[in-house]
Amino acid sequence: MRSPRTLTIMLGAMGALGLLTAGCATTLSADEIAEPKARIAAAEEAGASENPEAALHLNLANDQFERASKLIELGENARAARFLDRASADAELALELAHLDRTRGEARDAMRGIHELRRAHDFEIR
Amino acid sequence: MNTTTLRRLQILALSLGASALLACATSPPDQLVAARDAYRSAAAGPASTSAPDELQEAQKALARAEQSYAGDGDDTEVTDLAYVAARRAELATVIANRRVAERRAEDLHEQRQRLSEQLRQEAAKELVATKDALEEASRRTQDATEAKIQAEREADAARAEARATKEQMKEAREKLARWAEMVETRRGTVITLSSGILFATAKADVLAGASGRLDDVARYLQQSPERRVRVEGHTDTAGGSSYNQSLSQARADAVRSYLVTHGVSPTRITAVGFGETRPVATNDTVEGRANNRRVEIVLEPLPAPVPPPVSDSPPPIPDEGE
């Protein structure tokens, strides 16, 4: 996997050679490439790989980012940009699914805490 | 970049341009249908209330996909845009659910804190109540101990008083017994005083020197205030019976008077003269006659208690001190 910097240089070179199509997406900025990668990292950090549903979307995000990179190498920037968008969307979903899982876990813990308090209190009374 | 890549890029550029001329497909791609369903589903769920902004983003994404479909966007573009739209719709739902879960977690957290505080307060109250109960019990124990000590003290005092009284009685009795004749009879306690100590010959005035002895008798009689006293005057046979009768009565009265003026209650003491009628010794000898010339002070025994009347049998007649 090429680093975003390498790709940018490549794109810049391709642009200079006039090989980028004039269409929906023209040049891809370093930010546009870095963004989905950052979202993927965030999702991983949030523990997306531990949750099946989140892991699924994390994998999709990674695959689509790879696809985008390949498309950039092939000069298909428009398609590459859309795949970057897809990768971002999946990464964001993976992140939020990880958060949801964690928050539900917190709610469960809080509920358990209440039960334990009640149990301990009743035990003392008896 | 090498020639092969360059060439490949050129071909790609051309093919991209060519494909741009292709018209859009007539039926919507599966991904777009899926995206529409995804949005509908999200809009019908918690996202409408808990994630409205994210839902709106999903709607915009869907609109872009629809626009592409309606316009001259190729299938891949529509598919890509629809894919993103579907993800955004799911995202809105997930974010909504997370917010709901967050609120619930906060609510439960607060509940737990309230419960913990409530239990802490209850425990504190119980502690105070237990402390109060302990203090109360301790106070009661203390009071009981003090009462016990007080009762013991009083019992000791009563015992001491009883002992003192007994001592006093003993003392009075001993003092009296040193010079008086004291005998327990069925009549009661009989103290015999010789007339020679109390009176001058043929007189009925108590000699000054006898006052000490009579004081001893008075003290002794005061120890048993509930017992009646009878002063009896006796003589020998010399002088004639009627003379002896009046002398003995006068002398008995004199002794009674003295005793009454020295603390003996008048209502309990009587005086009677028996003259020469009750000798205790022979009148033929000097000694015998001396013995007959006497005053007897009788301390009557307490009357026997009368039992309560029973319906079947008549009440028994009480014995009055024989």
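These legends accompany close-up views of a predicted model.

Residues are numbered from 1 along each chain as its sequence is written, and chains are lettered from A and ligands numbered from 1 in the order in which they are written. In this predicted model, local features need pLDDT of at least 70, side-chain atom pairs count only at pLDDT 80 or more, and totals for chains, interfaces and linings use all residues; side-chain values use heavy atoms, with hydrogens and water left out.

**View 1. Helix 2 of chain A and its buried face.** Helix 2 of chain A covers residues 30-45, 16 residues in total. Helices are DSSP runs of H or I with at least four residues, strands are E runs of at least two, and both are numbered from the N terminus. From first C-alpha to last, helix 2 reaches 22 Å, close to the 22 Å expected at 1.5 Å a residue. That expected span is 1.5 Å times one less than the number of residues. Ile33(A), Pro36(A), Ile40(A) and Ala43(A) are buried. Buried means under 20% relative accessible area, exposed over 50%, and partly exposed in between (1.4 Å probe, protein chains only). Seen down the axis, the buried residues of helix 2 fall within an arc of 95 degrees, so they line one face. The arc is taken over directions from the helix axis to the C-beta atoms. Asp31(A) and Glu45(A) are exposed on the face turned away from the buried side. Just after the helix, Gly47(A) takes a positive phi of about 90 degrees.

**View 2. Arginines over the ring of Tyr83(B).** Arg86(A) lies over the face of Tyr83(B), 3.9 Å from the ring centre. Arg87(B) also lies over the face of Tyr83(B), at 4.6 Å from the ring centre. A charge sits over a ring if NZ of Lys or CZ of Arg is within 6 Å of the ring centre and within 35 degrees of the ring normal.

**View 3. Glu92(A) in helix 4 of chain A.** Helix 4 spans residues 77-125 and holds Glu92(A). Glu92(A) counts as buried because its relative accessibility is 16%. Leaving aside neighbours within four places in sequence, Glu92(A) is in contact (heavy atoms within 4.5 Å) with Arg39(A), Arg88(B) and Leu91(B).

**View 4. The elements of chain B.** Chain B has nine helices and five strands. From the N terminus on, they run α-α-α-α-α-β-β-α-α-β-α-β-α-β. Of its 322 residues, 31% count as buried. Among contacts in chain B with a separation of 6 or more, residues 24 or more positions apart account for 71%.
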